[in-house]
Amino acid sequence: MHILQPKHTKLKPEETKELLEQYNVSLSQLPKIKSEDSAIPEGCQRGDVIKIERKEKNGNVVSFRVIV
């Protein structure tokens, strides 16, 4: 991982379920990230959800992507 690269973390299945219920969305409605992306942690597969944490001037920004 490069120092400028945001932190990418794979969500556990129960965390994914909680996220989808919280925002009332399905996996297909989440933004996508390709499985070939070098930022994806090892051991991730298609359909897994990745949490991306970016450090901004106003604090941390969290976003989620599903692997396609």
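1. Basis. In this predicted model, local features need pLDDT of at least 70, side-chain atom pairs count only at pLDDT 80 or more, and totals for chains, interfaces and linings use all residues. Residues are numbered from 1 along each chain as its sequence is written, and side-chain values use heavy atoms, leaving out hydrogens and water.

2. Sheet. An open sheet of 4 strands runs in the order β1-β3-β4-β2, with mixed pairing. Its edge strands, β1 (7-10) and β2 (32-33), each pair on one side only. Strands are DSSP runs of E, at least two residues; helices are runs of H or I, at least four; both are numbered from the N terminus. Pairing requires at least two DSSP bridges between two strands.

3. The β3/β4 pair. Strand β3 (residues 49-56) is antiparallel to β4 and joined to it by 8 bridges. Arginine 54 has valine 61 in β4 as its bridge partner.

4. Main core. Leu11, Leu19, Leu20, Leu30, Val49, Phe64 and Val66 make up the largest nonpolar core, 7 residues. A core here is a set of buried Ala, Val, Leu, Ile, Met, Phe, Trp, Tyr and Cys residues joined through side-chain atoms within 4.5 Å.

5. Second core. A separate core has 6 residues, including Ile33, Cys44, Ile50 and Ile52.

6. Threonine 16. This residue lies in helix α1. Threonine 16 is buried, at 13% relative accessible area (buried is under 20%, exposed over 50%, partly exposed in between; 1.4 Å probe, protein chains only). Beyond four places in sequence, threonine 16 touches Leu11, Leu27 and Val49 (contact: heavy atoms within 4.5 Å).
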